Amino acid sequence: MNNRRKIVVIGASNVGSAVANKIADFQLATEVALIDLNEDKAWGEAKDSSHATSCVYSTNIKFHLGTYEDCRDANIIVITAGPSIRPGETPDRLKLAGTNAKIMSSVMGEIVKYTKEAMIIMITNPLDVATYVVSTQFDYPRNLILGTGTMLETYRFRRILADKYQVDPKNINGYVLGEHGNSAFVAWSTTGCAGFELEHLDEYFHHTDKLDKAAVENELVQVAYDVINKKGFTNTGIAMAACRFIKAVLYDEHTILPCSAVMEGEYGLHDVALSIPRMICSTGIMRSFEVHLTDAELEKLHAAAKSVRGALDGAGIK
């Protein structure tokens, strides 16, 4: 890992500021530049974060108001710009497709003026639409573009299952795949706990009430909107997901995580970005995995592709 690590965060609102603060918490950079149309907000967030890194528990990280020229020597660029679902609005990220696709085109048009070498981590919703736009409308290496995708849903799923069995969520394995949104699905065929097979968990943990998969799936989708409606937005969980990818890149981990990227024939799918397990290292996405899914899970993956493709078509994106 290089000693110098520069990260540019584009968008300094709730999510962007949370990402910047988590970068500081985990000391993942030596320099962080924040870019936002509201330069006062970006300046204030940068200055506040720089004060935090002055404490005895942190290394000194240079936080500052940035411009797109900061992308020239950045290792990683995190894109959070664009509006999000607000409390009380229709709980469907795909309705943001048209607006945020235009914003992504504008943002990416500025980035490519200065670099085609930085790793780009997408957070902007609808995540799969935004990832597809950035990956296909510009001559940028696709291995260097990934969307956080269903990493956050996977975190949420592991917490829900861990709470049921009163176990460390890090003991839960398994993926949520497909769309980062309403058509995300639990790949139950990949799920277990500390090497224990899913069908035996109730036996091992002495549960008389059997695992209700449908209830878990419903909670998984609903909880994001519950947080939005009660808190006003979601930012901490997705910031942690983004930092997980940042760490995987900086430390050349060759770790396998669910993330969104353009499908290149996996499961027979093209012309859409979705989350499946992918290996992440210092050069970005090293490879994708077609893990064995049940017929029902494959149907859900193709339904997710149809959902995202419909949003792309509705926004006039080829």
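In this predicted model, Lys247 sits over the face of Tyr251, 5.6 Å from the centre of the ring.

Phe157 comes from helix H5 (residues 151-165), while Trp188 belongs to strand S8 (residues 185-193), so the pair ties together parts that lie 31 residues apart in sequence. Both partners are tucked away from the surface under the 20% cut-off for burial: Phe157 is buried at 0% relative accessibility, and Trp188 is buried too, at 9%.

Helix H5 turns up again in the helix packing. Its axis comes within 9 Å of that of helix H8 (residues 236-250), and the two cross at roughly 115 degrees. Angles from 65 to 115 degrees count as roughly perpendicular, so H5 is roughly perpendicular to H8. The crossing of H5 past H8 is right-handed. On the H5 side, Met151, Leu152 and Tyr155 make the meeting, and they face Gly237, Ile238, Met240, Ala241, Arg244 and Phe245 of H8.

Another helix pair is formed by H4 (residues 127-136) and H9 (residues 295-314), which pack with their axes 9 Å apart and at an angle of about 60 degrees. That angle makes H4 oblique to H9. Here, too, the crossing is right-handed, with H4 passing H9. The contact draws on Asp128, Val129 and Tyr132 from H4, and on Val308, Arg309, Ala311 and Leu312 from H9.

Is Glu31 buried or exposed? With a relative accessible area of 16%, Glu31 falls under the 20% limit and therefore counts as buried. Setting aside neighbours within four places in sequence, Glu31 is in contact with Arg5, Lys6 and Ile7, and also with Ile61, Lys62, His64 and Asp70.

Note on methods
Residues are numbered from 1 along each chain as its sequence is written. This is a predicted model: local features need pLDDT of at least 70, side-chain atom pairs count only at pLDDT 80 or more; totals for chains, interfaces and linings use all residues. Side-chain values use heavy atoms; hydrogens and water are left out. Helices (H or I, at least four residues) and strands (E, at least two) are DSSP runs, numbered from the N terminus. Buried means under 20% relative accessible area, exposed over 50%, partly exposed in between (1.4 Å probe, protein chains only). A charge sits over a ring if NZ of Lys or CZ of Arg is within 6 Å of the ring centre and within 35 degrees of the ring normal. Contact means heavy atoms within 4.5 Å. Axes are lines fitted to C-alpha atoms, for helices over the stretch in contact, and angles run from 0 to 180 degrees between N-to-C directions. Angles under 35 degrees count as roughly parallel, over 145 as roughly antiparallel, 65 to 115 as roughly perpendicular and the rest as oblique. A crossing is left-handed if the near helix is turned anticlockwise from the far one by less than a right angle, and right-handed if clockwise.
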